[in-house]
Amino acid sequence: MPALPYAHDALEPHIDARTMMLHHDKHHATYVEKLNAALEKHPDLQDRSAIWLLLNPRKVPEAIRTAVANNAGGHVNHSMFWRAMAPDGGGEPKGALADAIKRDFGSFAKFKAQFDEAGEKAFGSGWVWLAKAQHGAGKLEVLTTSGHANPLEQACFPILLNDVWEHAYYLKHENRRGEYLKGWWQVANWQEAARRFESSELPSEQLWENDGGLVL
Ligand code: MN
């Protein structure tokens, strides 16, 4: 369970402290507890990284496969999510990532509009992502996943992500998901997104061995 890289109230007023406390200390912690519980009788899988578990469902016994997918996904996605935000976040990306966004979306504004729209339209609990295809020309795409699925499962490398489960915003924004998505840009961590963009070139085996350094 990674510690938050900032204080619970550091993202105020965009993300309130109480939401961060429940989201990190309770929701995320519960995914870790449930993943560990699912693996209790499977010592051979306990040394595997959460990403490996997520990307190798067929090597996980059927009886615990769903629990492992949901909770490993919850752990991986939330671990990335805390770093996708920063108290001094906001603004626009720079360098190679900025160039790629312009190339693939036309402009930063068009990318943001597409991300917001996808996040708002995502039905039920899920995530909205900026991800880079690991095939072809490595195009950047906006996509959504359901539950705690991760773009790596469809060969897209996550660059930036936002949580659109109600637990991410309901205390402060109630049903107004669009309002949450709009305010969230003020804390988006473009430095971390740029780091991920660089990491996206690495072979996927390195993700499995070392989700600490790269993705988590
Ligand atoms: Mn969440």
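**The interface of domain 1 and domain 2**

Modeller: Across the interface of domain 1 and domain 2 the rule finds zero salt bridges, a salt bridge being a side-chain nitrogen of Lys or Arg within 4 Å of a carboxyl oxygen of Asp or Glu. This is a predicted model, in which local features need pLDDT of at least 70, side-chain atom pairs count only at pLDDT 80 or more, and totals for chains, interfaces and linings use all residues. Residues are numbered from 1 along each chain as its sequence is written, and side-chain values use heavy atoms, with hydrogens and water left out.

Nine residue pairs, both members at pLDDT 80 or more, are in polar contact across this interface; such a contact is a pair of N or O atoms within 3.5 Å, where within protein one must be able to donate a hydrogen and the other to accept it, and residues adjacent in sequence count only if both atoms are side-chain atoms. On the side of domain 1 that touches domain 2, two or more residues each come from helix H1 (17–38), helix H3 (50–55) and helix H4 (62–83), helices being DSSP runs of H or I with at least four residues, numbered from the N terminus. H4 gives the most to this side, with nine residues.

The area buried between domain 1 and domain 2 is about 2,000 Å², and carbon and sulfur atoms give 62% of it; buried area is the accessible area (1.4 Å probe) that two parts lose on being put together, summed over both. Met80, Phe81 and Arg83 supply 31% of the area that domain 1 buries against domain 2, more than any other three residues.
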